[in-house]
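Please open the model in a viewer and keep the selection panel at hand.

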Amino acid sequence: MFIDRAKIYIKAGDGGDGCTSFYTEKYVPNGGPDGGDGGNGGSVVFVADGSIASLSEYRFGKHYRAESGGAGSGKNRHGKSGADLVLRVPRGTVVRDEQTQNIMADLFYDGDKAAILIGGQGGKGNARFKSSRRQAPGFSQKGEPTHEHAVVLELKTIADVGLVGFPNAGKSTLLSVLTRANPKIANYPFTTLSPNLGVCVGDDFSFTIADIPGLIEGASDGAGLGHHFLRHVDRTRLIVHVVDVSSSDGRDPVSDYNTVNAELFKYNPELADVPQIIALNKIDSADQAAIDSFKSHVKGEIYEISGITHRGLDSLKRAVTDKLRALPPPKPIEFEPFSYPDADPDSFALSRGDDGVFVLEGELIERLGRMVVLDDRDSFMYFQRRLDDAGVTKALRNAGIKNGDTVRILDTEFKYEK
């Protein structure tokens, strides 16, 4: 099944915990701290792979997590870094943050890579906290935890030419005769339920063609197959607008042409600037009066063709080739890359609970909670100094705290004493 959109959850690896250890060996007194650092967690990396055609691999798999870093150990041995999680996606995949819908990466070229989430930092071992004043630190730092995020993968097909038109206009037939593609063809609406790609090979020039399904009135608002596949026309350099001039389904060719263009431009106004060639199809079963009427109402570069008898296809192919030669090559989307902001390590928030307790939260508090051992004197003194240096103590005083008041930090409560 062709899948061109998937929502998945990704998480970088947590950092490994640092180690609290002291060097001990017979006849070696006061060996000192030798706890090693934890390893960094693995990152989540997306890679464009030209051999993959759709996002079907992500249809059922929803949660993807990189490997966490290993814990440090004694003798200053650092933990192993977690392996990166590499997720391969089709070329042309756009990665968006699910909550904001901002673009994080456009994997346009084969082999493009984007590290969307960076692994957590490994915690420091107690050897890192040794100083002239603190000879035997009895604490280490836990690894940095990471958070899971939801991202949306959108495949925007990369093709030189996009075939657009009403269902049954003959787009799939035209694709099959211009290229070696073998799309499913039948005489009922929405025969094409996914974009079909083919390569049209000339003497010294070749180009890719995509058959874009789902264009009826209201498609940009979700009617029919809706805007589900309209995204695949975004990257095309040239639009070939296929119109059934035979009126075999009782529709008016001019109305069809105007309707499809209206839906295209409503979906993306920039598509109005994309060059367009009109292919009047099924002329083998059309009246000349209908052809003349269409040409009198619609101005543009028009070619009369028949996908069944192959009439006029050489002229159409030459016109497409000439247009593409003069057009600039396709390029990635221009966007301001979105990334998840790094938390301020000194940020904190002070509030009052319903029970009157002073509550401290924020990145500073979370980080201190990972490395403080409250029953270790050195660790607790370090904890107090960090609160003073970051302005937490001053904020408590400004909030009116008094001796004996309770302060809640994570899951622990303290009595405030000046």
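Leaving aside its neighbours within four places in sequence, with which residues is F46 in contact? In this predicted model, F46 is in contact with I8, I10, L87, V89, V95, L107, D112, K113, A114, I116, V151 and L153.

Select F46 first. The residue is found in strand β2. F46 counts as buried because its relative accessibility is 0%, and buried means under 20%.

Three strands, in the order β4-β2-β7, form an open sheet with mixed pairing. Its edge strands, β4 (85-90) and β7 (113-117), each pair on one side only. On average, neighbouring strands here are turned by 30 degrees against each other, direction ignored.

The largest nonpolar core has 26 residues, and I10 and F46 have the most contacts inside it. Two or more residues of this core come from each of β1 (5-11), β2, β4, β6 (103-107), β7 and β8 (149-155). Finally, select L163, L178, L238 and L316: these are among the 20 residues of another core, which lies apart from the largest one.

Definitions and conventions:
Residues numbered from 1 in each chain as written. Predicted model: local features only at pLDDT ≥ 70, side-chain atom pairs only at ≥ 80, totals over all residues. Heavy atoms only, no water. Pairing = 2+ DSSP bridges. Helix = DSSP H or I, 4+ residues; strand = E, 2+ residues; numbered from the N terminus. Axes fitted to C-alpha atoms, helices over the stretch in contact; angles between N-to-C directions. Core = buried A, V, L, I, M, F, W, Y, C linked by side-chain atoms within 4.5 Å. Buried < 20%, exposed > 50% of the residue type's maximum accessible area, 1.4 Å probe, protein only. Contact = heavy atoms within 4.5 Å.
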